[in-house]
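The following explanation leads the reader through selected features of one model. Please keep the sequence and the coordinates in view while reading.

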Amino acid sequence: MTDIKGLCEPRFAAVRAALAASLGKDDVGASVAVYLDGEPVVDVWGGYADADRSVSWERDTLTGVNSTTKNMTALCALILADRGQLDLSAPVAAYWPEFAAAGKENVLVRHVLSHTAGLPDLSGLTAVADLYDWQSVTAGLAAQAPEWEPGTAAGYHALTFGFLVGEIVRRITGRSLGEFFAEEVAQPLGADFHIGLSAEHDRRVAPLIPPPSLTDEYASSAPPGPDGTRREYTGAAVRVRDANSVAWRRAQIPAVNGFGNARSVALVQSVLANQGSAGGVRLLSPQGCEPAWQEVFRGEDRVLHSPMSWTVGFGKFGSTFGWGGWGGSLVASDPDSRMTVAYVMNQMMDRDQQEDDRGMEMIMAAHSGLQ
């Protein structure tokens with residue numbers, strides 16, 4: 001039986017068991033956390049931080065969570081909205097005047113946050129290194145025409161989401177998204193989550209491990225449509241070796257380059273599930289949390305090729321909201337039960353090859369503890 005370390009209240013023993021089972025089957029190293037009423041009831045981890053299984057996954061191990069980062073970026077926007085500094089129904093150009101170019105004068109902030117802005121890709125992106133140039137990327141997005149009439153359709157903004165939201169935050173606060181998150185979210189909560197990772201933390205990073213039988217050339221891609229064809233994308237594909245690079249860690253790519261563990265992911269997101277506060281720290285009002293689960297769009301997502309419900313910054317799934325990352329990480333919050341569940345791992349899985357139910361099994365195990 002895999003050795004599982006950490007805190008787990010008895011009624012949530014199924015979560016510990018689910019992690020042990022996953023580490024015995026698919027996972028190399030992983031962590032799971034459950035927060036209830038803004039307090040930890042499960043904080044467990046186990047396995048190894050490397051593919052050779054020679055370095056133990058520790059309490060403070062970090063790893064890249066890919067698009068699970070979007071939950072953090074969206075929270076920053078909701079905090080500014082709650083403070084009255086950002087109007088979710090205002091045009092993006094009210095904060096970022098250059099953005100009004102090419103027919104985007106009526107793109108609203110909520111369109112950007114709900115993947116309905118019509119800017120799912122950045123044209124002209126030829127290398128992953130191009131993503132590290134914030135000014136170039138945001139200038140390109142400001143000049144680009146939308147792919148569809150904003151607000152009328154959704155298409156997952158896999159990389160552009162972070163630049164769009166991040167530039168709005170920068171225009172309002174004068175700080176990068178990573179800086180704003182660190183100072184206004186992570187530090188007050190004591191959350192060990194980073195958007196843009198400094199060198200002092202490198203020793204704690206568990207590199208992402210490509211899916212079984214694949215190499216670190218494995219790249220992210222949109223799922224195929226019903227006819228088996230994929231959305232045409234001419235830009236640079238992000239590979240596992242890019243996500244494991246030092247340049248990636250240092251950059252600001254707030255849709256995808258967050259580093260943390262299940263504890264930090266669940267702690268931060270539990271703020272939204274618990275009416276704006278966690279661990280006695282209030283980040284926003286109860287009303288300020290509500291856009292996180294209020295549906296903005298429902299229908300077929302043009303990029304994901306699946307039915308989706310998008311809120312202001314999150315995917316909505318029944319009574320829960322949240323989002324996951326390429327390879328398997330996941331966070332889900334339920335405001336009705338005031339519970340947040342997060343799962344973070346280093347062993348990626350390829351959904352084209354096999355189903356990846358690891359995160360969902362953790363969520364189901366957590367919900368069993370509420371009964």
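In which sense do strand 5 and strand 6 pair, and over how many bridges? In this predicted model, strand 5 pairs with strand 6, residues 258-260, in the antiparallel sense, and two bridges join them. Within this part of the fold, I195 lies opposite G258 of strand 6. In general, the strands of a sheet are paired through hydrogen bonds of the backbone, in a parallel or an antiparallel manner.

The sheet concerned is open and has three strands in the order 4-6-5, with antiparallel pairing. Its edges are formed by strand 4 (63-64) and strand 5 (194-195); each has a single partner strand, and therefore one side of each is left without a neighbour in the sheet.

Attention now turns to helix 2. This helix covers residues 69-82, 14 residues in number, and reaches 20 Å from its first C-alpha to its last, close to the 20 Å expected at 1.5 Å a residue. Twelve of the 14 residues are buried, so helix 2 is largely enclosed by the rest of the structure. Among the buried residues are T69, K70 and N71, as well as C76 and L80. After helix 2 comes G84, which has a positive phi, near 85 degrees.

Technical notes
Residues are numbered from 1 along each chain as its sequence is written. This is a predicted model: local features need pLDDT of at least 70, side-chain atom pairs count only at pLDDT 80 or more; totals for chains, interfaces and linings use all residues. Side-chain values use heavy atoms; hydrogens and water are left out. Helices (H or I, at least four residues) and strands (E, at least two) are DSSP runs, numbered from the N terminus. The expected span of a helix is 1.5 Å times one less than its number of residues. Buried means under 20% relative accessible area, exposed over 50%, partly exposed in between (1.4 Å probe, protein chains only). Two strands pair if DSSP finds at least two bridges between them.
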